[in-house]
Amino acid sequence: IRWSMSSCAAVRLLFSSEARRLCMVAAADAPEGVDKEALQKAGGYPLEYELYVDGAFFAMKQLGAAKGEHNLFFEDLPEGRKLLELWLPAAIALKIYSLDVGDHTIERPLA
């Protein structure tokens, strides 16, 4: 019997933007050879996303056991340039399809 399991870690997306709204399209993923049912039973749901703005907690979004793609929205972000940290769910593999900030740019944070 061959066992494969997906290992996940706490990962964040760190960037600067003047956006007032952030949208991400993603999907829970199970790499090839991984038992998808076992992965779901491992406690990766609900999917939790946390957003920090300039180092301060802004909001948390929880999504149930969404199958396929899901859309995540954070709205009413503070005006002006800010450092955004989007923490991804830590207990499940995730495939990110897009990150959208509307007409604004996404920039690497200044050191």
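Colleague: Where does Glu85 lie, and why is Glu85 called buried?

Modeller: Glu85 lies in strand β6 of this predicted model. Its relative accessible area is 11%, and buried means under 20%, so Glu85 counts as buried.

Colleague: What makes the pairing of Glu85 with Arg12 a polar contact?

Modeller: The side chains of Glu85 and Arg12 are 2.7 Å apart at that contact. The cut-off for a pair of N or O atoms is 3.5 Å, so the value falls within it.

Colleague: Which other residues is Glu85 in contact with, leaving aside neighbours within four places in sequence?

Modeller: Besides Arg12, they are Leu13, Leu14, Glu50, Leu51, Tyr52 and Gly55.

Colleague: Why is Glu79 called exposed?

Modeller: Glu79, in the loop between β5 and β6, has a relative accessible area of 67%. Exposed means over 50%, so Glu79 qualifies.

Colleague: How do you know that Glu79 and Arg20 form a salt bridge?

Modeller: The N to O distance between their side chains is 3.7 Å. The limit is 4 Å, so the pair counts as a salt bridge. Arg20 has a relative accessible area of 38%, which lies between the 20% and 50% cut-offs, so Arg20 is partly exposed.

Colleague: What makes Arg21 and Glu75 a salt bridge, and which parts of the chain does the pair link?

Modeller: Their closest N and O atoms are 2.9 Å apart, so the pair meets the 4 Å limit. Arg21 is in the loop between β1 and β2, Glu75 in the loop between β5 and β6, and 54 residues separate them. Arg21 at 39% counts as partly exposed, and so does Glu75 at 43%.

Colleague: Why is the pair of Glu107 and Arg81 said to tie together separate parts of the chain?

Modeller: Glu107 lies in the segment after β7 and Arg81 in the loop between β5 and β6, so the parts joined are 26 residues apart in sequence. The closest N and O atoms of this salt bridge are 3.2 Å apart. Glu107, at 31%, is partly exposed, as is Arg81, at 45%.

Colleague: How many salt bridges does a search of the whole structure find?

Modeller: The search finds four.

Definitions and conventions. Residues numbered from 1 in each chain as written. Predicted model: local features only at pLDDT ≥ 70, side-chain atom pairs only at ≥ 80, totals over all residues. Heavy atoms only, no water. Helix = DSSP H or I, 4+ residues; strand = E, 2+ residues; numbered from the N terminus. Buried < 20%, exposed > 50% of the residue type's maximum accessible area, 1.4 Å probe, protein only. Polar contact = N/O pair within 3.5 Å; in protein donor to acceptor, adjacent residues only side chain to side chain. Contact = heavy atoms within 4.5 Å.
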